[in-house]
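Welcome! Let us take a friendly walk through a protein model, one theme at a time.

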Amino acid sequence: MKIVRNSLTPFKGFKAINLFGVLFVRKECTISKVDLNHEMIHTVQIKALFYLFFYLWYVVEWLIRLCMPGNAYDNISFEKEAYENEKCLSFLQERKSFNFLKYLRNGKN
């Protein structure tokens with residue numbers, strides 16, 4: 001995964017953003033193995049949905065979840081999969097395709 005350090009992207013208050021498999025990291029932030037694994041999970045999700053569809057789905061799901069109980073960002077299926085598995089550094093070797101689909105329902109899976 002290519003990592004680009006800068007002071008513009010992402011916005012202040014955020015550590016990193018994964019855009020099309022390139023990780024943009026704020027200059028002052030440190031990226032751990034867990035952070036990197038979280039973003040690698042997103043990269044696999046992005047590739048599985050042919051890049052553009054990932055971002056469309058992400059925004060639509062976030063908009064839907066704004067109207068639901070809980071934090072919309074935390075309840076996005078892509079984020080739920082990444083956060084639940086970020087500490088398992090071998091997760092990507094055993095991950096099934098479209099694994100994020102099981103996180104679509106509310107609640108923890």
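## A salt bridge to start with

D35 has 22% relative accessibility, so this residue counts as partly exposed (buried means under 20% relative accessible area, exposed over 50%, and partly exposed in between, with a 1.4 Å probe and protein chains only). Its partner is K15: the two side chains meet in a salt bridge, 2.9 Å from N to O. The term salt bridge stands for a side-chain nitrogen of Lys or Arg within 4 Å of a carboxyl oxygen of Asp or Glu. K15 counts as partly exposed too, at 35% relative accessibility. Because K15 lies in the loop between β1 (2-6) and β2 while D35 lies in helix α1, the pair ties together parts that are 20 residues apart in sequence. Helices (H or I, at least four residues) and strands (E, at least two) are DSSP runs, numbered from the N terminus.

Before we go on, a word on the model: it is predicted, and local features need pLDDT of at least 70, side-chain atom pairs count only at pLDDT 80 or more, and totals for chains, interfaces and linings use all residues. Residues are numbered from 1 along each chain as its sequence is written, and side-chain values use heavy atoms, leaving out hydrogens and water.

How many salt bridges does the structure hold? There are 4. Another one joins R65 and E61, whose closest N and O atoms are 2.9 Å apart. Both residues lie in helix α2, 4 residues apart, or about one turn of the helix. R65 and E61 are both buried.

R95 and E81 also form a salt bridge, with the closest N and O atoms 2.6 Å apart. This pair links distant parts of the chain, since R95 sits in the segment after α4 (91-94) and E81 in helix α3, 14 residues apart. Are R95 and E81 buried or exposed? Both are buried, and for E81 the relative accessible area is 0%.

## Aromatic rings

Now for the rings. A pair of aromatic rings is described by the distance of the centres and the angle of the planes. Rings of Phe, Tyr and Trp (its six-membered ring) pair if their centres lie within 6.5 Å; planes under 30 degrees apart count as stacked, over 60 as edge-to-face and the rest as tilted. A search of the whole structure finds 11 aromatic pairs. One of them is the tilted pair of F54 and Y58, at 5.7 Å centre to centre and 50° between the planes. F54 and Y58 are 4 residues apart in helix α2 (residues 52-66), so about one helical turn separates them. F54 counts as buried at 3% relative accessibility, and Y58 counts as buried at 18%.

W57 and F78 make an edge-to-face pair, 5.8 Å centre to centre with 65° between the planes. W57 belongs to helix α2 and F78 to helix α3 (residues 77-85), so this pair ties together parts that are 21 residues apart in sequence. W57 is partly exposed at 29% relative accessibility, whereas F78 is buried at 0%. Ring pairs link F20, Y51, F54, Y55, W57, Y58, F78, F98 and F100 into a cluster.

## A hairpin and some backbone details

Strands β2 and β3 (residues 22-26) pair in the antiparallel sense over 4 bridges; two strands pair if DSSP finds at least two bridges between them. L19 stands opposite V22 in β3. The two strands form a hairpin with 2 residues between them, and F20 in the turn has a positive phi of about 60°.

Y51 also has a positive phi, near 65°, in a residue other than glycine. Y51 is placed in the loop between α1 and α2 and is partly exposed at 33% relative accessibility. Elsewhere, the peptide bond from T9 to P10 is cis, with omega near 0°, and P10 lies in the loop between β1 and β2.
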